[in-house]
Amino acid sequence: MANEEDDPVVQEIDVYLAKSLAEKLYLFQYPVRPASMTYDDIPHLSAKIKPKQQKVELEMAIDTLNPNYCRSKGEQIALNVDGACADETSTYSSKLMDKQTFCSSQTTSNTSRYAAALYRQGELHLTPLHGILQLRPSFSYLDRADAKHREREAANEAGDSSQDEAEDDVKQITVRFSRPESEQARQRRVQSYEFLQKKHAEEPWVHLHYYGLRDSRSEHERQYLLCSGSSGVENTELVKSPSEYLMMLMPPSQEEEKDKPVAPSNVLSMAQLRTLPLADQIKILMKNVKVMPFANLMSLLGPSIDSVAVLRGIQKVAMLVQGNWVVKSDILYPKDSSSPHSGVPAEVLCRGRDFVMWKFTQSRWVVRKEVATVTKLCAEDVKDFLEHMAVVRINKGWEFILPYDGEFIKKHPDVVQRQHMLWTGIQAKLEKVYSLVKETMPKKPDAQSGPAGLVSGDQRIQVAKTKAQQNHALLERELQRRKEQLRAPAVPPGVRIKEEPVSEEGEEDDEQEAEEEEPMDTSPSGLHSKLANGLPPGRAAGTDSFNGHPPPGCASTPVARELRAFVEATFQRQFVLTLSELKRLFNLHLASLPPGHTLFSGISDRMLQDTVLAAGCKQILVPFPPQTAASPDEQKVFALWESGDMSDQHRQVLLEIFSKNYRVRRNMIQSRLTQECGEDLSKQEVDKVLKDCCVSYGGMWYLKGTVQS
């Protein structure tokens, strides 16, 4: 009581909340200034704002007549920024630094605790602040001075090199086409710092008009800081009843709440869960458990729940996989969400997880690498999918986490049939999205009809042996039929058919020849792709006894003549070809020939290479780098050594250069040609040789077919 008497209440002030400028009022904090000077005394030349970023720029005049102003320094800064000549675009038109720019930055993102107060006639009026901005001097004029300096240096360098540019008017331009951007790459680009900075820079400035402190417009706007209904008590939100005010000053004890165990915010007790509707209970349980048998779900919901209603509700939030229920992908990944690992949208994640679920309807095992290859998702996302419904087994893959529930399958055939139809639609969608090959997909999803077992290695070997024996019997009958057809007079002259008995030793010889030399696949798929001219490819066209080389005297056969004509005509047009490209052109040539042509008798890789060498070509041993991605056929490079034109000598020098270098610069080729040919070649002649044999990539020259972009 004594303390209260020593500190009596002097005055009571009514507090009002004004809302007219609640969403528009900003507090600007300027740099430290002398107490005798206010920023209202300084002329504001311009003001502009970016509303979305809450960024403001103010341009204020500098008092150049002040005795503290250094005039020589101001003139030097203006000269560095604008140069010697001043025009309308100059920053400082008076050739003197007579203005300064202030840029804003947010001091805090939460301004709910701050307000602007106005005291008038015994009343305190509070207006909440929408933002607090600190204004600091901007030194962008230094950046413009540096840019002017770099432009002057570039202009001087350009003047020195103008003569060299005049000599080389024609320059080769390398055109590159950007690849289509994937969804994952687009998400990473959108969330990058450079993209956000670019978006901020693209927001247009909104120019403002500045009104001084004593302007009539400022006085009018200042009236909005007063609460319009200050005379009525019902218009203020600061009036509380005595009991409410006491509750705010002295909140009740929290001992009871502290005694309760602390649980995560997303966890509900079973008592709280059973207060929710049945559909919400099922959704919450499946979202947290992800995979559950129907019997376990019924036990969690309670004995009084109707199983028919549960079946109706579970089909809305889960899919049937091997007799168990797995939560749907769109429940785990809502529409507006994205991956925490890669940032890809929810739609892409749902497709990838549906693919994993569909794979488990076909088999008990799923390989993680196969899922990543098909879905093109990162390893972390694929791992999350698999951990939802499977467990990893060392050296085996991922096995479905629950055993097959055959009891549910037998008890509810109507539900199984409905789920089978849903999976058929999902399968069709996955085939279209991921371009899955239908031949490699199971014909019938047997996961719902019976438990899928793990096939051991011995069982797979036994199945492969059985199929091989069946295929051998079919091939033997087909071979005998072809031999009988070839014995007829319709056999073309000059084609020798070698007949040998089919035995185990003969099969071993065929396997050995197939390992030494694999013939080209120039026939349609199926059985005809394995047989050429009625015999295995290794024995076609009489090449069996010569390990792929043409037998003596075969150069006059129709097959050899046709093949020689194709090779000569091809190299007269191309000059340099890899074995892979030559085989591609040969297959295109075969496709244009009529059925029954002699070239369909089976041409091996060795026969094709020997014909190339016999046609006046040479193999160029290009030293490919160790990390090259080129296949063996792409590393075999052949070139026409003599074509009979004036460029043969130039071309041979060029090919010798590439026999020691994988890639070469143009100036090296030019100097070597000049040195070897003993004359100063023209630019057109060098361009012709390079065009015949090489391609340019990244400023370097490569032989055709050898560059791996």
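Reply: Happy to! Let us begin with the open sheet, in which 3 strands follow the order β10-β12-β11 with antiparallel pairing. Strands here are DSSP runs of E with at least two residues, helices are runs of H or I with at least four, and both are numbered from the N terminus. Two strands are said to pair if DSSP finds at least two bridges between them. At the edges lie β10 (291–292) and β11 (318–321), each of which pairs on one side only.

A word on the source: this is a predicted model, in which local features need pLDDT of at least 70 and side-chain atom pairs count only at pLDDT 80 or more, while totals for chains, interfaces and linings use all residues. Residues are numbered from 1 along each chain as its sequence is written, and side-chain values use heavy atoms, with hydrogens and water left out.

Back to the sheet. β11 is joined to strand β12 (residues 324–327) by 4 bridges, and the two run antiparallel. Within this pair, M319 stands opposite V326 of β12. In a regular strand, side chains alternate between the two faces of the sheet. Helix α15 (residues 346–362) lies across β11 and β12, and runs at about 30 degrees to β11. For such angles, axes are lines fitted to C-alpha atoms, for helices over the stretch in contact, and the angle runs from 0 to 180 degrees between N-to-C directions. Contact means heavy atoms within 4.5 Å.

Now for another set of strands. Strand β1 (residues 14–17) runs parallel to strand β7 (residues 123–128), and 4 bridges join them; V15 has L124 as its bridge partner in β7. Strand β6 (residues 115–120) pairs with β7 in the antiparallel sense over 6 bridges, and one of its residues, A115, has P128 as its partner in β7. β6 and β7 form a hairpin with 2 residues between them, and Q121 in the turn has a positive phi of about 55 degrees.

Positive phi turns up in two loops as well. K376, although not a glycine, has a positive phi of about 60 degrees, and lies in the loop between α16 (368–375) and α17 (379–389). F575 is not a glycine either, and has a positive phi of about 70 degrees; its place is in the loop between α22 (558–574) and β16 (576–578). K376 counts as exposed because its relative accessibility is 61%, whereas F575 is buried at 10%. Buried means under 20% relative accessible area, exposed over 50%, and partly exposed in between (1.4 Å probe, protein chains only).

Then there is a helix pair. Helix α27 (residues 666–677) packs against helix α28 (residues 683–693) at an angle of about 110 degrees, with the axes 11 Å apart. The two are therefore roughly perpendicular to each other, a term for angles of 65 to 115 degrees (under 35 is roughly parallel, over 145 roughly antiparallel, and the rest oblique). The contact is made by R666, I669, Q670 and L673 of α27 together with K683, V686, D687 and L690 of α28. These residues divide into 4 nonpolar, 1 polar and 3 charged. Ala, Val, Leu, Ile, Met, Phe, Trp, Tyr, Cys and Pro count as nonpolar, Asp, Glu, Lys and Arg as charged, and the others, Gly among them, as polar.

Among contacts with a separation of 6 or more, 67% come from residues 24 or more positions apart.
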